[in-house]
Amino acid sequence: MIEIRELYKAFGKQEVLKGVNLFINEGEVTAIIGRSGGGKSVLLKHIVGLLKPDRGSILIKGKDITELKGSKLDQLRAEIGVVFQGGALFDSMTVYENVAFPLREKTKLDKGTIYESVLNALKDVGLKGMEYKYPAELSGGMRKRVALARALIGKPKIILFDEPTTGLDPILVRSIHKLIRDTQKQYGFTGLIISHEIPEIFEISDRVAMLHEGKIVEVGTPEEIQKSENIIVKNFIMGIENGGLNEERKS
Amino acid sequence: MSFIFRYIGERVINLWIFLGRMFIFLTEIFFYIFIPPFRFKNLLRQIRFFGNKSMIVVIFTGAFSGMVLALQGFYALNKFGAEALLGPVVALSLIRELGPVLCALMVTGRAGSAITAEIGIMKITEQIDALTVMAVNPMKYVVVPNILAGIITFPLLTAIFNVVGIYGGYLVSVHALGLSEGTYFAQMELYVDMEDIRIGLYKSLSFGLLVTWICTFMGYNSGYGARGVSRATTNAVVLSSVVILLWDYMLGAFLL
């Protein structure tokens with residue numbers, strides 16, 4: 001479904017991605033874990049064409065998004081939904097207008113149909129009755145739910161989640177994760193979640209990839225990752241800061 | 001010694017990069033103005049924001065500019081007994097110079113700063129990115145309506161500024177300084193040509209484009225965090241104000 005090949009990206013002298021290779025299977029939820037500042041969000045922005053790589057390619061359904069421009073790029077983007085880190089809701093619009101936005105802009109559906117789809121999408125994320133509130137009046141968890149509803153409404157084949165649970169309490173983390181899992185089953189999209197919620201993320205992903213210093217160091221099922229012998233993965237999961245690595249270097 | 005050259009060189013290169021990006025931004029704007037879909041709703045909202053909501057400030061400054069012009073003009077003209085020409089002095093200064101310039105400065109402070117901050121916040125909260133990934137072009141959705149609103153509203157606001165200013169001058173010269181009503185308006189009619197009014201409106205038209213161009217550019221390229229947006233807003237207002245005065249002189253001296 002999505003194939004990332006030898007992706008390189010540097011900002012000035014700072015190399016962020018140093019040859020990322022990853023294959024994301026159709027209909028699965030893949031999680032990318034790794035430390036903050038490790039290039040996870042940068043990788044996500046490449047997948048949706050917000051950033052252009054220095055080298056490498058990203059094939060989505062056989063088309064290289066790094067080469068596409070204009071209407072062809074927009075066409076491919078129509079199949080991708082993104083849930084941004086902070087939700088990226090339009091703060092001058094109500095919840096209803098936010099969720100209806102993709103339909104109003106990109107389809108020719110009539111008002112009644114849009115109204116129904118929006119209410120359904122809001123019901124799916126558990127926000128019935130919140131249509132006429134503004135994003136500023138919502139809590140962090142609710143905003144992420146609205147963002148999810150907005151991503152779901154166009155029924156995209158792929159949804160990318162940029163740290164969907166950062167800054168939420170443990171109960172909300174679980175409820176958002178459950179929501180992602182449930183909607184994934186219902187809509188059948190291919191999901192890519194960027195997260196550092198360890199160990200909760202293992203419960204909802206089919207595969208997990210660890211991004212470390214600009215490279216994918218390990219890919220596997222959640223069980224494989226949890227049992228990994230790779231010192232970087234092990235330390236990350238246990239929350240030890242560079243422990244093993246530093247010891248090795250010193251000796 | 002070499003570090004001085006390096007410092008100057010770096011500055012010059014950065015300036016060129018900045019100007020280059022600004023002009024690319026402008027060409028993109030002109031490109032997108034003519035490409036459908038047209039965002040009439042956004043345009044109307046921005047026209048209301050620029051025009052309607054700047055009215056009070058424009059009327060207020062217009063009235064006092066006209067009044068003070070009459071007061072000071074009378075003082076100067078009185079010295080060589082030419083008080084009769086007070087009407088044309090007030091009207092010409094307002095229509096040719098002060099109207100477009102002061103009006104543009106006021107609107108920059110009120111609306112220009114606001115659009116920079118708004119676009120800057122949209123950028124740092126990823127709303128611009130969200131538009132892009134939903135295949136809605138943010139240049140067309142956010143920037144172009146502001147530019148068009150600026151071009152449409154600046155001349156109209158300037159016209160209001162001028163009319164209010166002339167009546168402000170009338171109040172002071174006729175009711176406070178004792179000039180006859182007929183003299184004030186008759187002389188004005190005699191000395192103010194259509195050409196003067198045209199020049200004033202062209203000026204305000206170009207200010208409208210300049211201010212919205214600078215302010216949207218600054219917002220679109222603002223740095224991250226609260227500080228990034230505040231810096232962008234300050235820079236937008238300062239740069240717009242300086243460019244207004246500079247461009248006003250250039251227009252007066254070389255073009256119009």
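Start at the A–B contact: select the 15 residues from chain A and the ten residues from chain B that form it, where residues are in contact if their C-beta atoms, placed from the backbone, lie within 7 Å. This is a predicted model, in which local features need pLDDT of at least 70 and side-chain atom pairs count only at pLDDT 80 or more, while totals for chains, interfaces and linings use all residues. Residues are numbered from 1 along each chain as its sequence is written, with chains lettered from A and ligands numbered from 1 in the order in which they are written.

On the chain A side, color helix H2 (70-77), strand S6 (80-83) and helix H3 (95-106), the elements that each give two or more residues; helices (H or I, at least four residues) and strands (E, at least two) are DSSP runs, numbered from the N terminus. H3(A) gives the most, three residues.

Zoom in on A:Leu160: beyond neighbours within four places in sequence, its contacts are A:Leu44, A:Ile47, A:Val48, A:Ile80, A:Val82 and A:Leu192.

Last stop: B:Ala159, in helix H6 (residues 138-176) of chain B. B:Gly99 is 60 residues away in sequence, yet the C-alpha atoms of the pair are 7.7 Å apart.

Note on methods: Two residues are in contact if their C-beta atoms, placed from the backbone, lie within 7 Å.
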